[in-house]
Amino acid sequence: MISEELTAFIESGVSILVGTRDHANRPYGMRGVGVRASADRKSLTVLLPDATGKRALADVRDNGRVAFTFTRPIDHRSIQLKGAVTSVRAATDEERRQAEKYIDDWAGHVEVVGLPRALGSRLACWPSTAVTVRIESVFHQTPGPSAGARVTGNP
Amino acid sequence: MTVRLRDLSACFHGIIPSIMATCSKDGEPNVTYISQVYYLDESHVALSCQFFNKTRINVGENPQAFVQVHDPVTFEAYELDLRFVRSETSGPTFESMSVRIQAIASQTGMSGVFRLLSADLYEVVAVRKLEELLSATPADAPKPLPVTDHRSELRALQVVSERLNRAVDLESLLSSFLVALGEELGFDHAMILLPDEARERLFTVASSGYGESGVGAEVAFGDGLIGTVAREKKILRTSDLGGDLRYGRAIRGEVTGSSLAHVLTPEIALPGLADARSHLAIPLLVQDRLVAVLAVESKSPLGFEEWHEAFLHIVGNQAAIALDRMIEDEEVGPPSFVRAPSLPPASRRSRALKFYQSDDCVFVDDEYLIRNVPARILWKLLKTHTAEGRIEFTNRELRLDPWLGLPPVKDNLESRLILLRKRLEEKCPDIRIPSCGRGHFRLEIDCVLDLKEI
């Protein structure tokens with residue numbers, strides 16, 4: 001289970017990085033455009049834009065292994081969660097509103113570190129695919145000597 | 001869409017962090033931000049390894065890797081499929097990345113924690129533009145930066161070079177160099193620092209484009225961006241948007257082991273733009289000897305590109321030789337006699353000057369003025385004037401005075417006099433030391449002196 005505090009951080013509009021790999025262990029990375037934790041906080045559903053998500057979506061359909069890194073731009077606080085895909089489906093209308101709100105929040109985060117809001121808010125988010133992942137492990141990822149250490153008290 | 005790596009130079013400034021993905025041999029993906037991708041050649045890039053983390057472990061067992069870089073102006077993204085080649089712990093790639101990281105570490109008080117373990121070299125297997133990352137372009141979207149017109153910069157180079165050649169003394173050389181950098185090459189915020197006698201610290205001798213001149217501000221070798229450039233004798237260029245890589249603040253000279261430390265600490269701040277987004281510092285060398293450091297700043301995160309570095313290298317080489325010649329030159333010309341009008345005795349105010357022997361510094365009316373060699377020079381001039389009434393002095397007699405502690409060769413006397421002259425202009429304009437021909441200067445005093453040694 002992901003802690004309540006961590007869930008709040010993940011859902012606060014911070015940057016979402018999605019890592020996947022193909023059948024030959026070739027890695028790939030991209031930006032997600034929205035995230036929600038499940039009620040039991042054991043799964044995360046991340047939205048991937050269809051236009052930029054082709055390779056990542058093919059990867060998760062192939063083998064289901066996913067890594068997510070959430071980073072707050074202002075202080076680089078970062079956390080990485082890894083797990084297995086449990087569902088891949090078209091995003092709903094409700095999730096479309098989520099994605100639009102995410103872009104707005106995220107553009108605010110990156111504006112603070114110098115990316116003009118007019119640029120950040122242009123990150124395309126629709127149509128999107130919702131990828132749900134059951135979280136198996138959580139790691140500290142804030143740059144520094146303890147990056148990569150497992151977060152205790154989480155799955 | 002296929003893209004050439006060299007067309008992506010703006011993406012390699014480390015302004016927007018890049019996404020990096022790797023995968024363990026067991027098929028577990030890993031994704032993280034990395035601060036900078038270094039361009040090496042058309043088919044190779046280097047990434048810095050500062051901590052032996054999961055990324056590094058993964059590429060050790062599965063060399064396939066991936067990065068996504070952003071153009072910092074348009075925010076368009078490019079994808080690079082990579083293959084890990086090797087880790088280097090020495091050599092030119094390692095050295096240049098290491099210098100940059102040391103400067104960041106020193107600037108953020110992280111020396112020792114934050115250091116380059118290795119420069120990791122990757123072959124670039126494929127490069128693509130990531131299409132449709134951004135929604136449709138509005139009419140006012142930022143355009144990519146125009147390609148620089150190098151011909152006009154070549155002409156500018158010629159002008160700078162001519163100005164350097166025309167300078168007759170160190171002071172005019174320094175000021176015409178800074179003016180030329182601003183007018184001809186667009187470096188509007190610049191400063192020049194010279195190493196002190198012990199070659200442990202640098203002092204600011206001239207600056208342009210700052211409200212406060214900062215003349216006299218000191219930086220220890222190895223400290224921050226400028227100190228690192230002095231110690232390593234390597235050029236450093238940085239651009240950044242934020243977080244722990246933010247450089248844009250002034251460093252203050254530090255006073256250690258001093259009973260007056262609490263008084264002296266805020267003495268003179270290094271000039272700096274509060275909102276600087278790019279910095280470039282270059283060592284001015286003659287053979288392998290450091291003559292000076294030139295530091296420039298810009299408010300634009302893309303203020304400095306490779307060609308700036310290349311041009312400053314050329315200009316810097318010329319300036320180094322000219323500076324060295326001026327500093328070394330012992331030639332003494334005939335004195336000229338142009339005297340500034342002095343105030344009539346009735347309107348003279350009293351100035352209290354104190355020389356603190358233990359701290360080797362002079363305060364004027366309880367405000368810090370100057371220390372070390374220039375402080376001793378001032379004190380000698382004032383005492384000689386008080387005792388003998390003299391107003392004419394020569395560089396030679398200062399060199400011969402052992403109390404001043406000038407080294408027998410390659411002394412900094414001329415630059416120390418410039419520093420003293422400028423500090424007096426700023427803090428005590430009633431005392432002036434104008435030059436009156438090469439090797440001669442005059443002491444002009446428009447106040448009643450109250451001298452105390454403590």
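Select strand E8 (residues 189-195) and strand E9 (residues 201-208) of chain B: the two pair in the antiparallel sense over six bridges. Pairing here requires that DSSP finds at least two bridges between two strands. Strands (E, at least two residues) and helices (H or I, at least four) are DSSP runs, numbered from the N terminus. This is a predicted model, in which local features need pLDDT of at least 70 and side-chain atom pairs count only at pLDDT 80 or more, while totals for chains, interfaces and linings use all residues. Residues are numbered from 1 along each chain as its sequence is written, and chains are lettered from A and ligands numbered from 1 in the order in which they are written.

Within this pair, show B:Ile192 and its bridge partner in E9(B), B:Ala206. Five residues lie between the strands of the E8(B)-E9(B) hairpin, where B:Arg199 takes a positive phi near 55°.

Is E9(B) mostly covered or mostly open? Strand E9(B) is mostly covered, with eight of its eight residues buried. A residue is buried if 20 or more other C-beta atoms lie within 10 Å of its own, exposed if 12 or fewer, and partly exposed in between, with C-beta atoms placed from the backbone. Over chain B, 44% of the 454 residues count as buried.

Move on to the open sheet of four strands in chain B, ordered E16-E15-E14-E21 with mixed pairing. Strand E16 (367-371) and strand E21 (447-453) of chain B each have a single partner strand and stand at the edges, so one side of each is left without a neighbour in the sheet. Neighbouring strands of this sheet are turned by 25° against each other on average, direction ignored. Inside the sheet, strand E14 (residues 349-356) and strand E15 (residues 361-364) of chain B run antiparallel and are joined by four bridges; B:Tyr356 stands opposite B:Cys361 in E15(B).

Now show helix H10 (residues 413-427) of chain B, which packs on this sheet, touches E15 and E16 of chain B, and has a direction at about 170° to that of E16(B). Contact means that the C-beta atoms of two residues, placed from the backbone, lie within 7 Å. Axes are lines fitted to C-alpha atoms, for helices over the stretch in contact, and angles run from 0 to 180 degrees between N-to-C directions.

Why does B:Lys299 count as partly exposed? Because B:Lys299 has 14 C-beta neighbours inside 10 Å. Not counting residues up to four places away in sequence, B:Lys299 touches B:Leu273, B:Asp275, B:Ala276 and B:Arg277.

Finally, colour the contacts between the chains: 32 residues of chain A are in contact with 33 residues of chain B. Strand E1 (15-21), strand E2 (27-31) and strand E5 (65-71) of chain A each supply at least two residues of the side of chain A that touches chain B.
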